[in-house]
Amino acid sequence: IIDVGCGTGIVTRHLGNAYPSARVYGIDLSPVPTPAVPDPPNVEYILGDVRTSNPRLAPGSTDFIFSRLLVLGMTDWAGYMRHMVSLLRPGGWIEMQDYSLDWYMHGSNCSEEWQWLQALFLAARQKGWDLRAGRNMPVYMKEAGLLDVSMETYRVPIGTWLERPETKRIGAHTAREYGRLYYHAIPKMLQGMGYIEEKIEEFQRLSSVDLAGQEGKELKFYVTIGRKP
């Protein structure tokens, strides 16, 4: 099992505990922090790029590949997906979990009117990012030759207006954190795009207003799976 972009290793540890007979590798470009509770004995971390040759990640050696939240870390989804498929054994599965960064109000796309977000989409296209990677994942999987591709869509509210307890917790988190996240991301994502400092600051102010918690406002999170023939 491979957990790509494992971050803190929280999913890697979960997979190690869930599948104690499997060898589970978490790989990330940054070192994984030392956990408060020791990792399961079948878990191992790799510092580096999953696309770089590594004897532990040999072609055709893997039964399951998982990744989440690579939307801002990937500039070649097609190439990445082909490499992931090459690591799978026949019959192995890939699961990708990611956002598409369009926002909706009562089911209609409201972010098409957000000038700051459209500037981010333009910058992303020029720099190779796909800010709709979650929604586009079935295309990448099918083009890489995977079969039985299916996708589930989850609503992520900004604010606590959806009724399920877990959704309320997620909504409280998005309302608290997403404005701050975008505020700091805007200057980095628009670097080299020719915007003056005052325009960047205006985009930051507008993003804080647009991402305020409001009933009916949400974005979509997609979970997509596919099987190697």
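Reply: Let's start with a pair: Trp103 stands opposite Leu219 in β8. Before going on, this is a predicted model, so local features need pLDDT of at least 70 and side-chain atom pairs count only at pLDDT 80 or more, while totals for chains, interfaces and linings use all residues. Numbering runs from 1 along each chain as its sequence is written, and side-chain values use heavy atoms, with hydrogens and water left out.

The strand to look at is β5, residues 88–105: 14 of its 18 residues are buried, so the rest of the structure largely encloses it. (Buried is under 20% relative accessible area, exposed over 50%, partly exposed in between, using a 1.4 Å probe and protein chains only; strands are DSSP E runs of at least two residues, helices H or I runs of at least four, numbered from the N terminus.)

With β8 (residues 217–227), β5 pairs in the antiparallel sense over eleven bridges; pairing takes at least two DSSP bridges. β4 (residues 62–68) runs parallel to β5, joined by six bridges, and there Ile65 sits opposite Ile94. To get from β4 to β5 the chain goes through helix α2 (residues 77–87), a right-handed β-α-β crossover: with the strands pointing away from you, the path from the first strand over the helix to the second runs clockwise.

Then there's β6 (residues 108–109), antiparallel to β5 over two bridges, with Tyr104 opposite Asn109. β5 and β6 make a hairpin with two residues between them, and His106 in that turn has a positive phi of about 50 degrees.
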